[in-house]
Structure formats: structure tokens, C-alpha cells
Amino acid sequence: LNSHAFPDPYTRLTFKYVRQWTKGRARSYLKGKGITDPKHRDLILELSGRLPRWLSVLASEYSSIKDIADSKYRELIRGRSGRLPHKYPSTARISPHAIFSKTLVQRFLELYVEDQDQRQFILEVALARKFNFYVISELLDKQAAKYTFDLLTALPFIKQDSYGFYYFPSSIRESMLSLLWELPNSDVQRWNECHEKLARYYKLS
């Protein structure tokens, strides 16, 4: 874990198994922190798993994340039209909430793990709709797969189905894939290779 975000002597797994707050209590907490936008609030609830520590961390980061997302949105609008209009009829696909979601997920991952390569590994796993250790092993070498699997399964928003596979909530996965495509070292050929490996794995399994 990022030691700057978590200076106290808790481990990653501690956060996974701390009792989560009820939705009502978590919403009241966020409202008390000035987070009233329903979409923003719901995304924070999902990312945090309603665990008190994560709620506290994300709430403390909210204002700066929102400012960054708003700035990115304005830049995108200017890039499309050359100016910042009051209405955006030609920019329907640019969603302020989508920009906020990506910015929040990106900041979450930065807080969760310091190493940039490891964050990229986590994003790459989002290429798979569902995963277990063997799926990750198709994408990464054995050592990286083990560490990445441990990191992923301790994330508060990761779900598990009745067959033992893990998966990302769809809204979070969408943001992660968008972040993956936008990486400075984004390699389309590598992502195609990852898709081919996943297709072979699911075909043989």
C-alpha cells in the first residue's frame, strides 16, 4: 500500500475485512463531507466497499479529484470546439461523470499502490471480464501474477461469483480500460495479444 495514504500500521488485508458501514451510514458520512452529487457519491461507495478507512481517504481527496476532472472536461470541450460553449450539442459522448469516474479510479489506484508498473498490471487484468489466478497468469509472468492477484483480491470493490471467479463492477472496469488505453506507453499490439491469450484460455478451460 501507498505509505503516504496509509501511514498507520494496518495491512492491506485489514481493510478488506473491517466491517463495512451500512449504505445509510456511509451516505450520511459523505453528505457531512460535502459530497452530495448522487453519481459521485455512489461511485465512492462502490470503490470504497463502504469501508470506513477508504471512505475517509476518498472523501479527503474528493475536492482535488473533482477539480482535476472538471479541468480535464473543459480541456476536452475546448479541444473539440476551440472554445468553451455554454451547451455541448456536438459533444454528447463527453460525459462529465465519465471524466470524474476515470479521475477518481486513477487516484484510487495511485493511493493503493505506488509502483506505476504494478498499477498498469492491475489495469491490464481489467481486459478480462472475470479472473482468477490462472487467468492473470496468462497475462503476466508468474511472479507478477501472484503479486497482482493478491493486490486485486484485496481491493474493496472486487466481487466474486458463485464459481469462484473475481470481477470488477462494470462502471469501474469501464474506467480502468479507458485509463489503460490512455497510458503514455499504451501498446495496442500488446492488448491484442492479451485478448488472444484470454480467448485461448477460455476456449480450453
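Helices (H or I, at least four residues) and strands (E, at least two) are DSSP runs, numbered from the N terminus. R41 sits in one of these, helix α3 (residues 38-48). This is a predicted model: local features need pLDDT of at least 70, side-chain atom pairs count only at pLDDT 80 or more, and totals for chains, interfaces and linings use all residues. Residues are numbered from 1 along each chain as its sequence is written, and side-chain values use heavy atoms, leaving out hydrogens and water.

Start with R41. Its C-alpha atom is separated by 8.4 Å from that of K31, 10 residues apart along the chain. Contact means heavy atoms within 4.5 Å. Not counting residues up to four places away in sequence, R41 touches R27, L30 and I35.

Now the whole chain. It has 10 helices and two strands. From the N terminus the order is α-α-α-α-α-α-α-α-β-β-α-α. Of its 205 residues, 43% are buried (under 20% relative accessible area; exposed is over 50%, partly exposed in between; 1.4 Å probe, protein chains only). Among contacts with a separation of 6 or more, 67% join residues 24 or more positions apart.

Next, the interior. A nonpolar core is a set of buried Ala, Val, Leu, Ile, Met, Phe, Trp, Tyr and Cys residues joined through side-chain atoms within 4.5 Å. The largest one has 60 residues, and L47, F108, F131 and F168 have the most contacts inside it. Helix α4 (residues 52-81) gives the largest share of this core, 10 residues. Leaving aside neighbours within four places in sequence, F108 is in contact with L47, W54, L58, L155, P156 and F157.

The aromatic rings come next. Rings of Phe, Tyr and Trp (its six-membered ring) pair if their centres lie within 6.5 Å; planes under 30 degrees apart count as stacked, over 60 as edge-to-face and the rest as tilted. The structure holds 12 aromatic pairs. In one, the rings of Y62 and F100 have centres 5.8 Å apart and planes at 65°, so the pair is edge-to-face. Y62 lies in helix α4 and F100 in helix α5 (residues 96-112), 38 residues apart. Both Y62 and F100 are buried. F133 and Y134 also form an edge-to-face pair, because their planes are at 70°, with centres 5.8 Å apart. F133 is partly exposed, at 23% relative accessible area, whereas Y134 is exposed, at 55%.

Last, helix α8 (residues 142-153). Its buried residues include A144, F149 and L152.
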